[in-house]
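Me: I have a model open here and have not looked at it before. Can we go through it in short questions?
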Amino acid sequence: MIDRGGNIAWGDTLPKILKFTEGGLVVYGAFVGGLIGCSIFLFRRKLPKLATLDLIAPALALGMFFGRLGCFMNGCCYGGLCTDDLWGVQFPIGSPPYMRHLDQGLLFDRPLKQRGIEADFDYRSNYLWKGRITAVQPDSLGQAGGLHQGDTINIEMRLVDGAFSEYYEKGLFGETAFLLKNGGRVLDNLTVKEMPARSLKVYPAQIYSSINGGLLCLLLWAYFPYRKRDGQILALVFIFYPISRFLLEWVRSDELGQLGTQLTISQLFSVLTMLFGIGLWTYTTIRKQPLAYPSRSSLELAKPSDT
């Protein structure tokens, strides 16, 4: 899980890995459970490990292709704010992008402009957004309330987390969702209906990641007949996927820098994974062991020339 500062909340994340009835395993369970299960199977069946993993590797990339489409439908793994009408996508109330934009105070422009107020807000702290007024329109509710440019203004959440989107889904549009305050004085109520129905436009990072998985699958599938050593297909996964994932992280905005750097946790893992892939490729090259599952193309390449 990611806390409100954009850092990994390990205290909440680790216990949720085991909550498979709530979908908590997701990627963590796929990697950990898949690695354990595959290792046990290969050892018990006495199958060639690297050769078998080479067979599985293209399917992993194909799984990324379909998995990221699922991320798109769920709204997770989204991209940063997008000002391009062609590429930008919006997500509904209750989705991860919507709730992140709400936490960042980016969704109050419309209800405030209806009251003649423009303001910039800090990131949400508990149930409160603190902001500073940048403009007040004449003959507006803001002017009638004695507000001026530079004044502080607060928005307090009236409904607890989750209730806001639930009220919207049930059509309870007249319910008060937020209180507009100046100091301890309540200026007005913001109803559910006044809030935007969708998030701001973001880059469809999930679609980019899905395309990335599909292209990687095609690359592995095309190179498979020409591999010379067992483990090379797996090594290509560990080399090419981290590179593309590292670049895609600059498009995504659901994680912030970790360990005092501008790199996300995925980018840090990508660097380590790529180094492992380079090491695996080097190991398979030095090992010079024949293929356990030779293909027709590889046999033809290994056949001595008649000339």
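Me: In which hand does helix 9 pass helix 10, left-handed or right-handed?
Reply: Helix 9 passes helix 10 in a left-handed crossing. Keep in mind that this is a predicted model.

Me: At what angle do helix 9 and helix 10 pack, and how far apart are their axes?
Reply: The angle between helix 9 and helix 10, which spans residues 265-287, is about 155°, and the axes are 8 Å apart. Helix 9 is therefore roughly antiparallel to helix 10.

Me: What residue classes are in the contact of helix 9 with helix 10?
Reply: The contact of helix 9 with helix 10 has 14 nonpolar residues, eight polar and one charged.

Me: And helix 8? At what angle does helix 8 cross helix 9?
Reply: Roughly 155°, and the axes of helix 8 and helix 9 come within 11 Å. That makes helix 8 roughly antiparallel to helix 9. The crossing of helix 8 past helix 9 is right-handed.

Me: Which residues line the largest cavity?
Reply: The lining consists of Met64, Arg68, Ser209, Asn212, Tyr241, Arg245 and Leu248. The elements that give two or more residues to this lining are helix 3 (49-74), helix 8 (205-223) and helix 9 (232-248).

Me: Which helix gives the largest share of that lining?
Reply: Helix 9 does, with three residues.

Me: What classes do the lining residues of the largest cavity divide into?
Reply: Three are nonpolar, two are polar and two are charged.

Me: How many bridges join strand 3 to strand 4?
Reply: Four bridges, again with strand 3 and strand 4 running antiparallel. Met157 has Phe178 in strand 4 as its bridge partner.

Me: That leaves the last pair. Over how many bridges do strand 4 and strand 5 pair?
Reply: Strand 4 (residues 176-182) and strand 5 (residues 185-191) pair over six bridges in the antiparallel sense. In strand 5, Arg185 is the bridge partner of Asn182.

Me: How many residues lie between the strands in the hairpin of strand 4 and strand 5?
Reply: There are two residues between the strands in that hairpin. Gly183 in the hairpin takes a positive phi near 70°.

Me: One more on strands in general. Where do the side chains of a regular strand go?
Reply: In a regular strand they alternate between the two faces of the sheet.

Note on methods: Residues are numbered from 1 along each chain as its sequence is written. This is a predicted model: local features need pLDDT of at least 70, side-chain atom pairs count only at pLDDT 80 or more; totals for chains, interfaces and linings use all residues. Side-chain values use heavy atoms; hydrogens and water are left out. Two strands pair if DSSP finds at least two bridges between them. On a 1 Å grid over the protein atoms alone, a cavity is a set of points where a 1.4 Å probe fits but cannot get out, and a pocket is an open set with protein on both sides within 12 Å along at least five of seven lines; lining residues have an atom within 4 Å of a point. Ala, Val, Leu, Ile, Met, Phe, Trp, Tyr, Cys and Pro count as nonpolar, Asp, Glu, Lys and Arg as charged, and the others, Gly among them, as polar. Axes are lines fitted to C-alpha atoms, for helices over the stretch in contact, and angles run from 0 to 180 degrees between N-to-C directions. Angles under 35 degrees count as roughly parallel, over 145 as roughly antiparallel, 65 to 115 as roughly perpendicular and the rest as oblique. A crossing is left-handed if the near helix is turned anticlockwise from the far one by less than a right angle, and right-handed if clockwise.
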